[in-house]
Amino acid sequence: MDDTPQYSFTGLMLSALVLIIAGWYGLYLLMNATQPNLGPRWLFYVLWTSACTGTALPFLWLLNRRFRSNAPASPRVLLREGLIIGLFASICLWLQLNQMLNLTLALLLAIGLFSIEWLLRLIERNARGAR
């Protein structure tokens, strides 16, 4: 008998749709209706993070379905991975606006975030195996 848990990804896809619409439409409104002061600049980073997170979620779901290991990742894990991608995009955008981003820094940042996610997945797998 198969003991792998079955997850419903409907809520994840609905949250991805909300993040996509709120993020990209908010960015559109922000770029066309405000001046680049301090408040709208921080709102820009928040909206950019939500737009990139929402855009990444369907692709992460497809990658998980295609290349999954023994147990599929839960929607919580996919959302966390999407947030890591959104965080990476926001940090790279912030560094690029300050003209400090280069390929080495982007790769080191990606490796660091990837290793954090790998360690979190390792901890979850060990906790699930201990039960």
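The protein chain contains four helices and zero strands, where helices (H or I, at least four residues) and strands (E, at least two) are DSSP runs numbered from the N terminus. Read from that end, the elements follow the order α-α-α-α. The model is predicted, so local features need pLDDT of at least 70 and side-chain atom pairs count only at pLDDT 80 or more, while totals for chains, interfaces and linings use all residues. Residues are numbered from 1 along each chain as its sequence is written, and side-chain values use heavy atoms, with hydrogens and water left out.

Turning to the overall picture, the C-alpha atoms of the protein chain fill a box of roughly 60 × 35 × 25 Å along the principal axes. Of the 131 residues in the chain, 30% are buried; here buried means under 20% relative accessible area, exposed over 50%, and partly exposed in between (1.4 Å probe, protein chains only). The chain exposes about 9,300 Å², with carbon and sulfur atoms supplying 69% of that area, as computed by the Shrake-Rupley method with a 1.4 Å probe. Among contacts with a separation of 6 or more, 73% join residues 24 or more positions apart, a contact being heavy atoms within 4.5 Å.

The chain carries 10 positive and 5 negative charges, and their mean positions lie 5 Å apart. In this count Lys and Arg are positive and Asp and Glu negative, with His and the chain ends not counted; each charge is placed at NZ of Lys, CZ of Arg, CG of Asp or CD of Glu.

The buried residues of α3 include the charged-type R80 and E81, along with V77, L78, I84, C92, L93 and L95. Just after α3, Q99 adopts a positive phi of about 55 degrees.

S50 sits in helix α2 (residues 38–66) and counts as buried because its relative accessibility is 15%. Leaving aside neighbours within four places in sequence, S50 is in contact with L19 and G23. Q6, by contrast, lies in the segment before α1 (10–33) and is exposed, because its relative accessible area is 68%. The C-alpha atoms of Q6 and S74 are separated by 8.7 Å, although these residues are 68 apart along the chain.
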